[in-house]
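Please look over the structure shown here before reading on. The briefing that follows takes its features topic by topic, for a reader who is new to it.

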Amino acid sequence: MKLKKELFTYLVSGGITTAVNYMLYLALMWAGVPYLIANSIAWVGAVLTAYALNRLWVFRSKKQMGAELASFAALRFITLVLENALLWLLISRLDAAALPAKLIVSVVTVIGNYVLCKFGIFKKEVICRG
């Protein structure tokens, strides 16, 4: 039951984070910002949103915030690099439109981000008693 609630809250917070990401990305694209720069700026907004929601609501972390945020951003940076590389491939090399390319790439990053959060940043520490 706990896993179902965690997955549900992760999906809802992911929806909010994705909305922030897409709103920033589309606004920046509309303003004429190149797609990789727009994606990187949108990533910053999404990471801050995701961290707050994951820490407070999904995983209910009690760890020290500064170190945890640094770890969160560092691991998420891996997905930014992957996302930008895939966007470049789809848009610059395969001539895809910016929005459909972003949608395709998002599937990869959502799965990767959940795994990084669940088993990396917000993993529960095991307390040995004996």
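## Briefing

Asp95 is found in the loop between α3 and α4. The model is a predicted one, in which local features need pLDDT of at least 70 and side-chain atom pairs count only at pLDDT 80 or more, while totals for chains, interfaces and linings use all residues. Residues are numbered from 1 along each chain as its sequence is written, and side-chain values use heavy atoms, with hydrogens and water left out.

- With a relative accessible area of 70%, Asp95 is exposed, where exposed means over 50% relative accessible area, buried means under 20%, and partly exposed lies in between (1.4 Å probe, protein chains only).
- Although Asp95 is not a glycine, it has a positive phi of about 60°.
- Most residues other than glycine have a negative phi.

**The chain as a whole**

- The secondary structure of the protein chain comes to four helices and zero strands, where helices (H or I, at least four residues) and strands (E, at least two) are DSSP runs, numbered from the N terminus.
- Read along the sequence, the chain follows the pattern α-α-α-α, and its C-alpha trace spans about 60 × 30 × 20 Å along its principal axes.
- Of the 130 residues in the protein chain, 35% are buried.

**Salt bridges between helices**

- The count of salt bridges comes to two, a salt bridge being a side-chain nitrogen of Lys or Arg within 4 Å of a carboxyl oxygen of Asp or Glu.
- Glu68 forms a salt bridge with Arg55, and the closest N and O atoms of this pair are 2.4 Å apart.
- This pair links distant parts of the chain, with Glu68 in helix α3 and Arg55 in helix α2, 13 residues apart.
- Glu68 is buried, with a relative accessible area of 4%, and Arg55 also counts as buried, at 10% relative accessibility.
- The side chains of Glu83 and Lys102 meet in a salt bridge, at 2.8 Å from N to O.
- Glu83 lies in helix α3 and Lys102 in helix α4, so the pair ties together parts that are 19 residues apart in sequence.
- Glu83 counts as buried at 6% relative accessibility, and Lys102 counts as buried at 1%.

**The largest pocket**

- About 340 Å³ of space lies in the largest pocket; on a 1 Å grid over the protein atoms alone, a pocket is an open set of points where a 1.4 Å probe fits, with protein on both sides within 12 Å along at least five of seven lines.
- The volume is the space filled by probe spheres set on the grid points, which are joined across faces, edges and corners.
- The pocket is lined by 23 residues, of which Thr17, Thr18, Arg76, Val110 and Asn113 lie nearest its centre, and lining residues have an atom within 4 Å of a point.
- The elements that give two or more residues to this lining are α1 (2-30), α2 (35-58), α3 (65-93) and α4 (98-121), and the largest share, nine residues, comes from α1.
- The lining residues divide into nine nonpolar, 11 polar and three charged, where Ala, Val, Leu, Ile, Met, Phe, Trp, Tyr, Cys and Pro count as nonpolar, Asp, Glu, Lys and Arg as charged, and the others, Gly among them, as polar.

**A nonpolar patch on the surface**

- Phe8, Val12, Ile16, Leu56 and Trp57 form a nonpolar patch on the surface, with about 470 Å² of accessible area together.
- Such patches are made of residues with over 30% relative accessible area and no salt bridge, nonpolar side chains (Val, Leu, Ile, Met, Phe, Trp, Tyr) being joined within 5 Å, and accessible areas come from the Shrake-Rupley method with a 1.4 Å probe, for which only the protein chains shown count as cover for residues.
- The elements that give two or more residues to the patch are α1 and α2, and α1 gives the most, with three residues.
- Leu56 has its place in helix α2 and is exposed, with a relative accessible area of 62%.

- Ala19 lies in helix α1 and is partly exposed, with a relative accessible area of 35%.
- The C-alpha atoms of Ala19 and Asn113 are separated by 16 Å, and these residues are 94 residues apart along the chain.
- Ala46 is found in helix α2 and counts as buried, at 6% relative accessibility.
- Ala46 and Met23 are 10.0 Å apart in space, C-alpha to C-alpha, and 23 residues apart in sequence.

How values were computed:
Patches are made of residues with over 30% relative accessible area and no salt bridge: like charges are joined within 9 Å, nonpolar side chains (Val, Leu, Ile, Met, Phe, Trp, Tyr) within 5 Å.
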